[in-house]
Protein chains: 2
Amino acid sequence: MNAGNKQVPEKKVLEAITPKSQDISRWYTDVVLKARLADYAPIKGCMVIRPYGYAVWENVQRILDEKFKGLGHQNAYFPLFIPESFLVKEAEHVEGFAPEVAWVTQAGKDPLEERLAIRPTSEAIIGHMYAKWIESYRDLPLLINQWANVVRWEKVTRPFLRTTEFLWQEGHTAHRSHEDANFEVRQMLEVYRSFVENDLAIPVVSGRKTQREKFAGALDTFTIEALMPDGQALQSGTSHDLGQNFAKAFNINFLDSDGERKLAWTTSWGMSTRIIGAIIMTHGDDRGLRFPPHVAPIQAVIVPVVYKEPGLILEKAREIKTRLAKNGVRIHLDDRDSFKPGWKYSEYEMMGVPLRIEIGQKDIEKKQICIVRRDNLEKSFIPDSELEETVERLLDAVQKNLYAQAKTALFEKIFPADSFEKLREIIKDKHGMASVSWCGSEKCEEQFKTETGATVRCIQEDSSQGNCVVCGSSAKGKVFVARCY
Amino acid sequence: MNAGNKQVPEKKVLEAITPKSQDISRWYTDVVLKARLADYAPIKGCMVIRPYGYAVWENVQRILDEKFKGLGHQNAYFPLFIPESFLVKEAEHVEGFAPEVAWVTQAGKDPLEERLAIRPTSEAIIGHMYAKWIESYRDLPLLINQWANVVRWEKVTRPFLRTTEFLWQEGHTAHRSHEDANFEVRQMLEVYRSFVENDLAIPVVSGRKTQREKFAGALDTFTIEALMPDGQALQSGTSHDLGQNFAKAFNINFLDSDGERKLAWTTSWGMSTRIIGAIIMTHGDDRGLRFPPHVAPIQAVIVPVVYKEPGLILEKAREIKTRLAKNGVRIHLDDRDSFKPGWKYSEYEMMGVPLRIEIGQKDIEKKQICIVRRDNLEKSFIPDSELEETVERLLDAVQKNLYAQAKTALFEKIFPADSFEKLREIIKDKHGMASVSWCGSEKCEEQFKTETGATVRCIQEDSSQGNCVVCGSSAKGKVFVARCY
């Protein structure tokens with residue numbers, strides 16, 4: 001970038017974005033950059049989350065954090081660095097993560113005696129501390145969450161969806177019995193599911209991962225999977241039953257009430273900034289973003305329609321702002337006079353603001369307010385006196401409609417398949433997700449990938465009905481198969 | 001640590017802490033560990049911030065974040081990594097920070113082409129992005145803050161006060177004129193001062209740093225300095241006028257309204273988890289911590305005094321909890337039956353909870369509630385009907401009293417000195433902070449350090465009155481001199 005060559009338009013024009021219907025991949029990059037959600041950083045695979053994008057993350061944090069604390073979890077902070085000797089203690093864990101680890105080998109001018117991993121996830125360091133903190137059954141359950149940055153050196157990256165560094169929360173809990181741990185794992189998966197469906201308006205399928213796809217070091221991983229419009233699944237939140245694997249590796253034991261020393265049962269669960277990629281992909285349309293009101297950085301924007309005398313109109317606009325802010329609405333008044341109202345309409349549509357409030361001379365005379373919904377572009381004129389309740393009702397309506405639309409789109413992309421030929425057709429031609437019977441063997445699982453590029457996203461149900469679509473032997477369960485991000 | 005050898009007491013006893021009056025250094029370590037604010041991590045100089053300590057940081061974040069946003073700042077997130085070629089662009093900056101940088105040199109199995117610094121501070125990476133984002137004067141001021149972890153490889157560390165990795169916020173702003181930038185620098189220093197004094201109840205002195213002590217790469221650094229009971233100053237928040245140094249290094253320019261391309265003026269300002277060390281040090285006493293109510297993780301604890309029939313008392317305790325929670329009090333009910341009330345009293349005193357509410361059989365009969373203040377141990381019995389208002393009043397009283405006590409302590413430790421002999425006495429014998437005249441030369445500044453181990457904490461005022469206590473030539477200003485953390 002050569003700042004000396006920057007072109008500085010006196011009045012910016014709304015740069016066109018590639019229509020989503022035409023090229024979803026270019027559309028995605030366009031909206032991320034032009035709505036200023038994020039920008040590329042000068043480090044391979046890293047992004048900068050700009051204020052408008054970070055505000056989405058702050059809303060995600062606020063809602064999730066309250067849910068976690070409501071269930072008894074507390075936040076803490078563990079080191080960014082994990083000594084190599086800790087990472088290697090759980091064999092599967094290190095095997096899974098080592099290829100993606102960024103290593104610190106030097107501090108100042110001195111080489112380090114032992115190299116330090118930048119945490120790709122924190123089971124190892126947290127396991128070490130839990131072994132120190134947990135003494136008896138009275139210390140259990142131990143329910144801790146951390147909001148942090150993590151680094152995984154990825155080959156192919158895209159803003160939000162897959163970045164070398166990303167932000168997330170990682171819950172880490174320790175329990176007295178496997179039953180308790182299991183309850184936690186399923187409870188947190190349900191927290192994710194209800195958050196993603198109710199607050200992000202993204203419908204998901206959920207279930208257990210196969211052994212091949214589970215978290216490195218877990219007994220079992222449970223996942224919620226969203227399906228993007230291009231037919232690729234996006235793993236949106238995972239909850240891991242770590243069994244006693246990490247308890248063994250780090251010696252997390254406790255004195256039980258029967259006087260015996262036992263190994264604890266641990267879990268971990270996480271959701272990351274990748275979920276913002278899912279919001280963008282799921283709801284956006286040809287005009288740009290469409291944010292669900294629960295997490296929209298701006299829920300309503302006021303655009304004064306000023307052609308001559310601005311005083312009265314601006315005064316009214318400010319009054320509307322105050323009234324809605326008081327009602328808890330995240331409201332923005334765009335009173336810049338260097339941009340025309342029509343330009344602003346397009347801009348905020350592109351930015352995905354759920355409601356636009358237009359206020360002009362005629363509206364004031366008629367004691368009315370004009371509100372335009374972003375989800376369906378419906379325009380309505382409402383009496384001034386009904387502003388607050390209408391905005392509340394419309395925000396709710398937008399939230400519900402986005403979910404309904406996304407749910408319809410999801411159902412239209414999930415197909416049952418009773419043969420491998422049909423499965424191939426669903427994945428390759430229909431760009432969908434297939435629901436198929438599977439024998440449970442790694443060999444057949446491998447075939448999905450080799451032949452279609454798709455993987456088992458999750459086990460839908462354990463059932464012995466039907467026959468494996470690959471080998472024809474009797475099935476152990478039904479699985480969702482799709483390509484993925 | 002060998003978990004197999006852990007001693008597990010059936011009932012924990014309150015382990016004695018070293019009295020603060022006897023050995024403040026050991027006292028500090030004792031309270032940090034025993035109140036579970038933090039623990040040592042298995043990485044040199046790193047700590048784990050445990051839930052009780054992290055809750056303090058969450059309160060700090062909540063209050064500061066609201067102040068920042070109220071002044072128009074927005075949060076964003078920049079990468080953890082800074083390529084070496086960026087760090088070196090501002091000469092003073094890299095000279096100051098390079099000795100403390102942790103370097104990533106490898107990812108997975110591959111060596112990196114260019115090594116990456118773990119951010120010790122983010123001026124370099126943010127400067128690069130600002131050059132890209134700022135086009136014209138309409139994009140200014142650009143007011144961004146980031147909550148993040150940073151790493152500085154320190155030789156001597158102590159939990160909170162100085163750790164290799166720490167959490168902080170760093171504000172980074174760009175302006176059209178030096179005047180605007182200067183206003184921001186002073187405004188943010190004032191935000192810090194008022195936060196530290198009003199919310200943390202820690203009185204500070206404030207002023208400009210000398211050129212020797214300023215931030216590496218700044219024109220000028222402004223600071224607030226608290227004085228710990230052992231006479232050591234603690235730099236508690238800094239606000240930097242970066243002039244055009246980083247704008248030059250990263251080419252942050254803008255097209256002004258006069259059609260000319262100009263360099264921007266930038267600032268940065270930060271406060272870190274180190275401030276938690278200041279809270280601990282300033283307010284604690286021989287019994288342990290004393291948290292100012294504004295940031296106390298628990299503002300009031302309820303201890304049911306149950307000797308025989310627990311039902312009625314626990315019911316009352318829960319009612320009190322509900323009433324106070326509804327009133328916005330961070331309240332905790334300790335209904336564990338494995339610990340005696342007396343043990344709990346000591347435990348929560350050690351943990352610094354501002355108010356303790358005791359409720360027993362007799363209190364219920366008399367329709368009264370017993371409240372004990374942590375700051376002065378005053379006990380009062382109040383009518384049940386006055387619970388909410390009394391708790392609110394007492395929390396306010398504790399907050400004010402902690403500040404008043406700390407202010408008295410500060411005044412008792414600041415002395416004017418008109419000779420070097422007196423200065424030496426103040427630093428070495430009285431363990432205080434000296435207010436002295438100084439000629440402004442680096443040579444005399446060096447003498448403070450060589451002869452007393454103290455440094456200029458800040459320039460109190462620019463004035464030509466008096467003579468330099470070192471060389472006797474006419475003074476350029478009054479400065480505060482003290483040893484520091």
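Ala201(A) sits in the loop that links helix 6 (178-199) to strand 9 (205-208) of chain A. In this predicted model, the phi angle of Ala201(A) is near 60 degrees, a positive value in a residue that is not glycine. Most residues other than glycine have a negative phi, and most peptide bonds are trans.

The backbone also contains cis peptide bonds. One joins Leu140(A) and Pro141(A), with omega about -5 degrees. Pro141(A) belongs to the loop between helix 5 (123-133) and strand 7 (142-151) of chain A. In chain B, a cis peptide bond joins Leu140(B) and Pro141(B), again with omega about -5 degrees. Pro141(B) lies in the loop between helix 5 (123-133) and strand 7 (142-151) of chain B.

The next topic is the relation between the chains. Chain B is superposed on chain A by a rotation of 180 degrees with 0.0 Å of shift along the axis, and the RMSD is 0.0 Å. The two copies are therefore related as by a two-fold rotation axis. The same surface serves both copies, since 100% of the contact residues of chain B recur in chain A. Among the residues of chain B, Val104(B) comes closest to the rotation axis, its C-alpha lying at 2.1 Å.

How much area is buried between chain B and chain A? The area is about 6,100 Å², and carbon and sulfur atoms give 59% of it. The size of an interface is often given as the accessible area lost when the parts come together. In terms of residues, 72 of chain B are in contact with 72 of chain A.

Polar contact between chain B and chain A is found for 26 residue pairs, both residues being at pLDDT 80 or more. On the side of chain B that touches chain A, 42 residues are nonpolar, 14 are polar and 16 are charged.

Over all chains, the salt bridges number 70. Four salt bridges are found across the interface of chain B and chain A. The table gives two salt bridges between the chains.

| Residue in chain A | Residue in chain B | N to O distance |
|---|---|---|
| Asp39(A) | Lys132(B) | 3.0 Å |
| Lys69(A) | Glu58(B) | 3.0 Å |

The pair of Lys69(A) and Glu58(B) crosses from helix 2 (residues 51-70) of chain A, which holds Lys69(A), to helix 2 (residues 51-70) of chain B, which holds Glu58(B).

Note on methods. Residues are numbered from 1 along each chain as its sequence is written. Chains are lettered from A and ligands numbered from 1 in the order in which they are written. This is a predicted model: local features need pLDDT of at least 70, side-chain atom pairs count only at pLDDT 80 or more; totals for chains, interfaces and linings use all residues. Side-chain values use heavy atoms; hydrogens and water are left out. Copies are superposed by least squares on the C-alpha atoms of residues with pLDDT of at least 70 in both. Contact means heavy atoms within 4.5 Å. Buried area is the accessible area (1.4 Å probe) that two parts lose on being put together, summed over both. A salt bridge is a side-chain nitrogen of Lys or Arg within 4 Å of a carboxyl oxygen of Asp or Glu. A polar contact is a pair of N or O atoms within 3.5 Å; within protein, one must be able to donate a hydrogen and the other to accept it, and residues adjacent in sequence count only if both atoms are side-chain atoms. Ala, Val, Leu, Ile, Met, Phe, Trp, Tyr, Cys and Pro count as nonpolar, Asp, Glu, Lys and Arg as charged, and the others, Gly among them, as polar. Helices (H or I, at least four residues) and strands (E, at least two) are DSSP runs, numbered from the N terminus.
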